Amino acid sequence: MKPYPPTMREKRRYIVLKAEAESLTVKFTKEEIERALKTAAFEWLGILGVVETGFWVISADEREQEAVVRCNHESIDRVQAVMCLIDRVNNKKARFHTLNVTGTIKKANSS
Amino acid sequence: MGFYDIVQNEKCAVVGQNMGFAQCFTPKQLKIRRGGGLEQNRKAVRSSIDVLLDPATEERLEFDTAVAQLAFDSKIAVVFSLNSVLAARGAAKARLIKNMQSAVAICQKLKCNIAVVSNADEPVELRYPNDLIAFGTLLGMTKLQSKWAVSKALEK
């Protein structure tokens, strides 16, 4: 199958997020972070919204409490807004903060 | 560019200043009146206050062009808080955001001073300036308007 021509390809952006709990001693597991992000996306955007924004959780890091999510370039603001509306992770009070928005996974992982 | 926020206590104000805000106002520093119902909104814009907080609730929107015009004439900032959205549950959350979007549209039409704040009660409810800007775009503002709402709107 031929690949999409560059003009038709979805222009992806990678958002680096950091999870911050109420207390510095509370750390979330990789699965908890991923589940919180996916649940929030489906709750706020819905299935069709996730399709339109191209939202996906790429990776999560337990040690740094960071995650990388993907979306398309037109819906960065929407996805960032959804991420800021998360107030709980695994029933514990928390917030997600956007560290960086990059165009490649390599830059996202290095930031 | 300095960013400003409104919080409910001094503890959040101190944490907020470490998060990139130039200043986090508490109710002692600004004259804040909470809106909601029609009478509350009207009473608030007729008194000498600085800020009308949360004119929209999850019930019927009671913020009309008359209230917005009075707010513009009295130089009162109309402020929308993230905390009210976080506190709502279920379908009420959707209704609240819808009403907030309508209120923002009315304020934009009448050129009122709009601000977006966290109104945090605990440090974990605080959000960084970029996240508040993103929340502002969710309410129907452009990125530039949202940036203004988090920075210049509350700058004295």
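## Hairpin of chain A

Strand β2 (residues 56–61) of chain A pairs with strand β3 (residues 66–72) of chain A in the antiparallel sense over 5 bridges. Here strands (E, at least two residues) and helices (H or I, at least four residues) are DSSP runs numbered from the N terminus, and two strands count as paired if DSSP finds at least two bridges between them. A:W56 has A:R70 in β3(A) as its bridge partner. The hairpin of β2(A) and β3(A) has 4 residues between the strands, and A:Q65 takes a positive phi near 60° in this hairpin.

This is a predicted model, in which local features need pLDDT of at least 70 and side-chain atom pairs count only at pLDDT 80 or more, while totals for chains, interfaces and linings use all residues. Residues are numbered from 1 along each chain as its sequence is written, chains are lettered from A and ligands numbered from 1 in the order in which they are written, and side-chain values use heavy atoms, without hydrogens and water.

## Sheet of chain A

One of the residues involved is A:Y14, whose bridge partner in β5(A) is A:T102.

## Sheet of chain B

Chain B holds an open sheet of 4 strands, ordered β3-β4-β5-β6, with parallel pairing. Its edges are β3 (32–34) and β6 (114–117) of chain B, each with a single partner strand, so one side of each is left without a neighbour in the sheet. From one strand to the next, the twist averages 30°.

β3(B) runs parallel to strand β4 (residues 51–53) of chain B, and 3 bridges join the two. In this pair, B:I32 stands opposite B:V51 in β4(B).

## Interface of chains A and B

The contact between the chains takes 19 residues from chain A and 20 residues from chain B. The buried area is about 1600 Å², of which carbon and sulfur atoms give 56%; this is the accessible area (1.4 Å probe) lost on putting the two parts together, summed over both. A:C84, A:L85 and A:R95 supply 35% of the area that chain A buries against chain B, more than any other three residues.

There are 4 salt bridges between chain A and chain B, each a side-chain nitrogen of Lys or Arg within 4 Å of a carboxyl oxygen of Asp or Glu. Among them is the pair of A:D87 and B:R89 (3.7 Å, N to O). On the side of chain A that touches chain B, two or more residues each come from β1 (12–21), α1 (30–53), α2 (76–84) and β5 (92–102) of chain A. The largest share, 6 residues, comes from β5(A).

A further salt bridge joins the side chains of B:K143 and A:D77 (3.6 Å, N to O). This pair crosses between chains, from helix α7 (residues 143–150) of chain B to helix α2 of chain A.

Notes. Contact means heavy atoms within 4.5 Å. Axes are lines fitted to C-alpha atoms, for helices over the stretch in contact, and angles run from 0 to 180 degrees between N-to-C directions.
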